[in-house]
Amino acid sequence: MNYSVKKIGQILNATTQIDSKIVTGVSFDSRKVKSGDLFVALVAENDGHDYVQQALTKGATAVLVDDRHQIDSKIPAIIVSDTLLALQQLGEYRRHQINPKVVAITGSNGKTTTKDMTSAIMGSQYKTFKTPENFNNEIGVPLTLLTMPDDTEVLVVELGMDRPGQLTTLSELVSPDIAIITMIGEAHIEFFKTRENIAKAKLEITKGLKSQGTLLIPYDEPLLTNAQVKQNVQIFGQNIKDINSSSSKTIFTYQNTRFAIPLLGRYNIMNALAAISAGILLHIELKNAAEALQHFDLTKNRTEQLTTSHGVNLISDVYNSNPTAVAAVLATLKIIPATHKYVVLGDMLELGEQAASLHACLAETVINANVDGVYLVGPLMNKYLYPILQRRFDSAHLHQYETDQLAELIKDLQTLGENGDVILLKASHGIHLENVVNALVK
């Protein structure tokens, strides 16, 4: 990005002042501003206009502000009616200026892992840029567009959703050539009420999908396979052979090519096949895809495999959680070869009026996982799952903690298990089990 204030004003059809300054980056957090950045004063819980001076002191070249706030005429500025909308318009302009092939990914689970896999595969043959961290909302997506390098050939962008209409906006913003829906789970069912409504909202990703673009969907989700979509639709997930899992990787054969991914679980094979299918659409050779997937950069807290100081293997999947995701990762835990296995489950959030039944329904899944100990964290797990598990586990093997008792949980887990044993941690991000993981691997 290398735009003058005047150029940005022209793109946004906005008023500017001191318009000769050059902008080389963008930020909406005054604490993270770097020299050359355009500081975008967003109006949310905190009004970004209150931090304009702090941003300038940190090195911001110019500021993007709205016309309801007064600003010193000596400050380089672009003045618009809505700073969020202007940020999105600027991102959209850059997307079309660079004009990469765009792969957009959404889904109730697996979208970040699929993003990482897709980026690795595309990077084997193209100059590829992907969504940083979890920048997948109305603010993060335009920031992704504005931070991608000028020579980007393929952009892999993650699109999040927590309400109807959100994916329409984001899909139209990035105008994908390929769209992927990883799965339909119960994430955000508090707001959508049914999986059918979640599927309908996820299908909004096709609103910006180019007319000649392709939607990739899992073969085993009728809520998607029966949907009416104008663009080309392809399914993924079939014709897998010779699946073999170890404590550190999953191996499978697809189209006579052997793949080995450094992740566990059938659900990660599905994520890999979504990424491989996108690669095939952009003419990536399968041997290059297989090589790329052997080692790729995985975003933190997405089914990470770590090790404690005394050799216990940790499976950390603590960014989000819902019953479908918990069942999938517990099925993986069941087949891992280990002398002892333990599971730490934190509350699954945003389940609304179905929270009680959906937490209780995990009982059979936990029991069938054949674990040696269960550690429950949070009021929902303790109220709805704990009483059911009490019928199968004694007090030495079933434990409960409130969300403010993570220190006690850490202390109990630090001496749990021996070399080669496994502890799985799974929860919604709001429970903050990442703090437990960090303490255990110090």
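Is F259 buried or exposed? F259 is buried, with a relative accessible area of 0%. Buried means under 20% relative accessible area, exposed over 50%, and partly exposed in between, using a 1.4 Å probe and protein chains only.

Before moving on, note that this is a predicted model: local features need pLDDT of at least 70, side-chain atom pairs count only at pLDDT 80 or more, and totals for chains, interfaces and linings use all residues. Residues are numbered from 1 along each chain as its sequence is written, and side-chain values use heavy atoms, with hydrogens and water left out.

**Stop 1: the aromatic pairs**

Rings of Phe, Tyr and Trp (its six-membered ring) pair if their centres lie within 6.5 Å; planes under 30 degrees apart count as stacked, over 60 as edge-to-face and the rest as tilted. The count comes to three aromatic pairs. Select F252 and F259: they are stacked, 5.4 Å centre to centre, with 10° between the planes. F252 is buried too, at 0% relative accessible area.

Next, select Y375 and Y401. This pair is stacked, at 6.4 Å centre to centre and 15° between the planes. Y375 sits in strand 20 (residues 373-377) and Y401 in strand 21 (residues 398-401), so the pair ties together parts that are 26 residues apart in sequence. Both Y375 and Y401 are buried. Helices (H or I, at least four residues) and strands (E, at least two) are DSSP runs, numbered from the N terminus.

**Stop 2: T250**

Go to strand 15 (residues 250-254) and pick T250. T250 is buried, with a relative accessible area of 1%. A polar atom of its side chain lies 2.6 Å from the backbone oxygen of L263. Not counting residues up to four places away in sequence, T250 touches several residues, among them N244, F259, L263 and I269. Contact here means heavy atoms within 4.5 Å.

**Stop 3: helix 6**

Select residues 166-174. This is helix 6, mostly covered, with seven of its nine residues buried. The buried ones are Q166, L167, T168, L170, S171, L173 and V174. Their cover includes helix 3 (83-98), strand 8 (101-106) and helix 8 (195-202).

The axes of helix 5 and helix 6 come within 10 Å and cross at roughly 10°. The two helices are therefore roughly parallel to each other. V141, P142 and L145 in helix 5 meet L170, L173 and V174 in helix 6. By class, this contact has six nonpolar, no polar and no charged residues.

Finish on S175, which follows helix 6 and has a positive phi, near 50°.

Technical notes: Axes are lines fitted to C-alpha atoms, for helices over the stretch in contact, and angles run from 0 to 180 degrees between N-to-C directions. Angles under 35 degrees count as roughly parallel, over 145 as roughly antiparallel, 65 to 115 as roughly perpendicular and the rest as oblique. Ala, Val, Leu, Ile, Met, Phe, Trp, Tyr, Cys and Pro count as nonpolar, Asp, Glu, Lys and Arg as charged, and the others, Gly among them, as polar. A polar contact is a pair of N or O atoms within 3.5 Å; within protein, one must be able to donate a hydrogen and the other to accept it, and residues adjacent in sequence count only if both atoms are side-chain atoms.
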